[in-house]
Amino acid sequence: MNGGPSGFNNAPVTRAFIIASALFTVFFGIQGRSAKLGLSYLDIFGKLRIWKLIASVFAFSSTPELLFGLYLLYYFRVFERQIGSNKYSVFILFSVIASLLFEVLALALLKDPAVNLVTSGPYGLIFASFVPFFLDIPVSTWFRVFGVRFSDKSFIYLAGLQLLLSSWKRSILPGICGILAGSLYRLNVFRIRKAKFPEFVTSFFSRLPWPTTGSPPSAPTRNIVGNVPSYAGRQVEASRNYPSSMPSAIEPPEDSIATLVSMGFDRNSARQALVHARNDINVATNILLEAQSH
């Protein structure tokens, strides 16, 4: 299972956040201050340390956490492609602020000034993203390893579990706070899912001169349905990202169409995407998400 087309095409906000997280982690790591980044009761209710609050949003406290965290952030760029960079920026801001408030509340209830109870890193955003991942991304394949049943989503869950347990209690707490923040966003508290930033705010990230990775974006031509892009003029990109750009003669299964429709896609668009993907529901989902991002 992948997060769609390779690279950061149509995901400039994710790219900026990942680069910022990596730079903050390296900066504090070189200074030997990574272990001191966790939040404690005294950091909030003693002498307020604003720099720790900011650092805790971006910087991981260890290299393994950085690797697993950036992998998950990179995978979850699929949601920016699905809802657009503007709404995804709102999702990031809401997840970060809500999870921080939950963490401050937990510190106030525990009142332990001796230790850093909350590890550093964008746990709020990462674990908030697991809510739409669990509810919206379908399972396309199942397989067994030594008699244990796994799905194509299992690797993402395992990476999340590794990150959640990386610092034991110190990482479990912000992970839970992130899941709560994602649930509040899902419930559309304060109608947050309709909120948007001014367009110039999110367009700023796409204009930043970062090195490009993956296949370059191109303007799709519209077909009869009008929702799924035609891949006739994008054969190189299609062959790189999807199994085949030629439609299959096999009619897509009704249950596969129903799965995509339940995710909010138009029925005709879902059927055509399955035809292009040779009835691979995971690839069809990526096609539909990419089409929405244009």
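Guide: The second largest pocket holds about 280 Å³ of space. This is a predicted model, in which local features need pLDDT of at least 70 and side-chain atom pairs count only at pLDDT 80 or more, while totals for chains, interfaces and linings use all residues. Residues are numbered from 1 along each chain as its sequence is written, and side-chain values use heavy atoms, with hydrogens and water left out.

On a 1 Å grid over the protein atoms alone, a pocket is an open set of points with protein on both sides within 12 Å along at least five of seven lines, a cavity is a set where a 1.4 Å probe fits but cannot get out, and lining residues have an atom within 4 Å of a point. A volume is the space filled by probe spheres set on the points, which are joined across faces, edges and corners.

The lining of the second largest pocket consists of Val13, Ala16, Phe17, Val57, Phe58, Ser89, Ile92, Leu93, Val96, Phe197, Val201 and Phe205. Two or more of these residues come from each of helix H1 (12-30), H3, H6 and helix H10 (199-207); helices are DSSP runs (H or I, at least four residues) numbered from the N terminus. H6 gives the most, with 4 residues. By class, 11 lining residues are nonpolar, 1 is polar and none is charged, where Ala, Val, Leu, Ile, Met, Phe, Trp, Tyr, Cys and Pro count as nonpolar, Asp, Glu, Lys and Arg as charged, and the others, Gly among them, as polar.

The largest pocket has a volume of about 340 Å³. Its lining numbers 14 residues, with Ile83, Asp136, Tyr185, Arg186 and Arg193 nearest the centre. Helix H5 (77-83), H6, H7 and helix H9 (169-186) each give two or more residues to this lining, which has 8 nonpolar, 2 polar and 4 charged residues.

H6 also supplies the largest share of the lining of the largest cavity, 4 residues. That cavity contains about 100 Å³ of space, and among its 14 lining residues Ser56, Ser99, Glu103, Gly121 and Gly124 are the closest to its centre.

H7 also packs against another helix. The axes of H7 and helix H8 (residues 154-164) come within 12 Å and cross at roughly 150°, axes being lines fitted to C-alpha atoms over the stretch in contact, with angles from 0 to 180 degrees between N-to-C directions. H7 and H8 are therefore roughly antiparallel to each other, a term for angles over 145 degrees.

Note on methods:
Angles under 35 degrees count as roughly parallel, over 145 as roughly antiparallel, 65 to 115 as roughly perpendicular and the rest as oblique.
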